[in-house]
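Morning, everyone. I have one structure to show you today. Please take a look at it before I start.

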Amino acid sequence: MKSLSMDEIIINEGEMGHSFFILDSGEIKVCKNTPQDVQLISTLNAHAAFGEMALVCKNPRVASVIAQSDVLVGEITWKNFENLMQCGHQCIPRIILNIAQVLSQRLLNFNQQFCLLDKKVSEIPDNSTQQTVTSELDSFKNKLFSDWSF
């Protein structure tokens, strides 16, 4: 377990990720840098998992995670995870299931927000603007869901 103080950075957006975390106690915020400012994505509390994308795909971190209070986090590195998988440790199915649940819940939340956005676009009074935004959203949706291969 790792103890961190309020405002301490746990994950830096853009850095390569090699581990994921489980928040044992405290509160964290997940933030995304935009050209204009920093956007709050989510606030997470005890027992939340975060940084799991580092174990699923080896890409740079897509958001920063900052302690909102004093926190206690458990960290599982890719190397630890790989060793546990190789020896067939009994915790591996549970970890994989938890990662799948976290990703599924985030996708569900995204879909719900996307539907709300789609509905708001239909309420735009200017027909030309509405058509342009609808076209851009449809294009985004097609790109997002076109690369799903199983």
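This is a predicted model: local features need pLDDT of at least 70, side-chain atom pairs count only at pLDDT 80 or more; totals for chains, interfaces and linings use all residues.

I'll go through the sheet, then the helices, then the aromatic rings.

Strands pair through backbone hydrogen bonds, either parallel or antiparallel. Which is it here, parallel or antiparallel? The pairing is antiparallel. Four strands make up an open sheet, and their order is β1-β8-β3-β6. Which strands sit at the edges? They are β1, residues 2-4, and β6, residues 49-50. Each of these edge strands pairs on one side only.

Now look at β3 and β8. Strand β3 covers residues 19-25, and strand β8 covers residues 71-77. Six bridges join this antiparallel pair. Find L23, then look across to β8: its bridge partner there is V73. Helix α2 packs on the sheet and touches both β3 and β8. The direction of α2 makes about 55° with that of β8.

On to the helices. Helix α2 spans residues 78-86, and helix α3 spans residues 92-122. They pack with their axes 10 Å apart, at an angle of about 130°.

Who makes the contact? From α2 we have F81, L84 and M85. From α3 we have I92, I95 and I96. By class, that is six nonpolar residues, no polar and no charged ones.

Last, the rings. How many aromatic pairs does the structure hold? Five. There is also an aromatic cluster, formed by F110, F114 and F140.

Terms used: Residues are numbered from 1 along each chain as its sequence is written. Side-chain values use heavy atoms; hydrogens and water are left out. Axes are lines fitted to C-alpha atoms, for helices over the stretch in contact, and angles run from 0 to 180 degrees between N-to-C directions. Helices (H or I, at least four residues) and strands (E, at least two) are DSSP runs, numbered from the N terminus. Contact means heavy atoms within 4.5 Å. Ala, Val, Leu, Ile, Met, Phe, Trp, Tyr, Cys and Pro count as nonpolar, Asp, Glu, Lys and Arg as charged, and the others, Gly among them, as polar. Rings of Phe, Tyr and Trp (its six-membered ring) pair if their centres lie within 6.5 Å; planes under 30 degrees apart count as stacked, over 60 as edge-to-face and the rest as tilted. Two strands pair if DSSP finds at least two bridges between them.
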